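Work through the following exercises with the sequence and the coordinates open. Each task is followed by a solution in steps.

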Amino acid sequence: MDYTVTEALDQGYIVRALHEADLDALWILDNAAFTSPWAKSQLQEELGNPQALVLGIFLGETLIAALLLRQQADEAWVFRVMVHPLHRKKGLGKQLMKIGLKALSTLGFTGKMLRLEVAENNVAAIELYKILGFALTRRREAYYPQQDPMLPALAAIEMARLIP
Ligand SMILES: CC(C)(COP(=O)(O)OP(=O)(O)OC[C@H]1O[C@@H](n2cnc3c(N)ncnc32)[C@H](O)[C@@H]1OP(=O)(O)O)[C@@H](O)C(=O)NCCC(=O)NCCS
């Protein structure tokens, strides 16, 4: 999705759309933020996909947060949202999601659904989504296998909200 934004947040954080030149920075961030990071090729695909919009927050030259949005039919999905562990609990995830919602309404998605899926044990993400007005739409039992194969697979929680 073609969207240009450069927005300065408090404390020197800058938000802008990410492009293929940002691949290395996104890959490094993804590896720092997730226990199951994506392959670099998967991130590259999103950065080059005309149906995707990837937004990032920078502190100086360093990418410290990112949001991957994807158009699917006449809806949008949050594919991935991540904040570097050293920069969590400062409101950056919330601010980036709000900027993503604003971007989607600018792109003509007003009144459409923004959906996402999250593992049932991801308390931080579920709380963030609830604060932003996402509500449960579906629960899929035993969807995410755990790293320890002795542990039962986790349910997938699907949530959605209207794009303003
Ligand atoms: C989920 C994530 C993006 C949140 O980013 P963040 O910048 O730390 O979140 P914010 O500071 O904006 O928090 C907003 C709200 O979310 C909730 N929240 C955030 N972290 C939380 C935690 N560890 N435990 C409980 N609630 C939490 C709080 O309600 C918080 O509001 P508050 O600060 O007023 O209490 C971050 O924890 C992360 O990158 N996690 C790893 C990647 C991931 O799992 N992404 C989601 C699936 S794709």
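**Exercise 1.** Determine which group meets the side chain of D22 in a salt bridge, and classify both residues by burial.

Solution. In this predicted model, the side chain of D22 meets that of R16, with an N to O distance of 2.9 Å. This lies within the 4 Å cut-off, so the pair counts as a salt bridge. For burial, the limit is under 20% relative accessible area. D22 has 10% relative accessibility and therefore counts as buried. R16, at 27%, counts as partly exposed. A search of the whole structure gives 14 salt bridges.

**Exercise 2.** Describe the surroundings of R70 and find its salt-bridge partner.

Solution. Start with the location: R70 is in strand β4, residues 62-72. Next, its relative accessibility is 14%, so R70 counts as buried. Then list the contacts beyond four places in sequence: M1, E46, N49, Q51, A52, E75, A76, W77 and F79. Among these, E46 forms a salt bridge with R70, and the closest N and O atoms are 2.7 Å apart. The pair links distant parts of the chain, since E46 is in helix α2 (residues 40-48) and R70 in strand β4, 24 residues apart. Both E46 and R70 are buried.

**Exercise 3.** Identify the residue that meets E75 in a salt bridge at 2.8 Å, and trace the network to which the pair belongs.

Solution. The partner is R115, whose side chain meets that of E75 at 2.8 Å, N to O. R115 is in strand β6 (residues 113-119) and E75 in strand β5 (residues 75-83); 40 residues separate them. Salt bridges with shared partners join E75, R115, E117, R138, R140 and E158 into one network. As for burial, R115 has 17% relative accessibility and so counts as buried.

Key. Residues are numbered from 1 along each chain as its sequence is written. This is a predicted model: local features need pLDDT of at least 70, side-chain atom pairs count only at pLDDT 80 or more; totals for chains, interfaces and linings use all residues. Side-chain values use heavy atoms; hydrogens and water are left out. Helices (H or I, at least four residues) and strands (E, at least two) are DSSP runs, numbered from the N terminus. Buried means under 20% relative accessible area, exposed over 50%, partly exposed in between (1.4 Å probe, protein chains only). Contact means heavy atoms within 4.5 Å.
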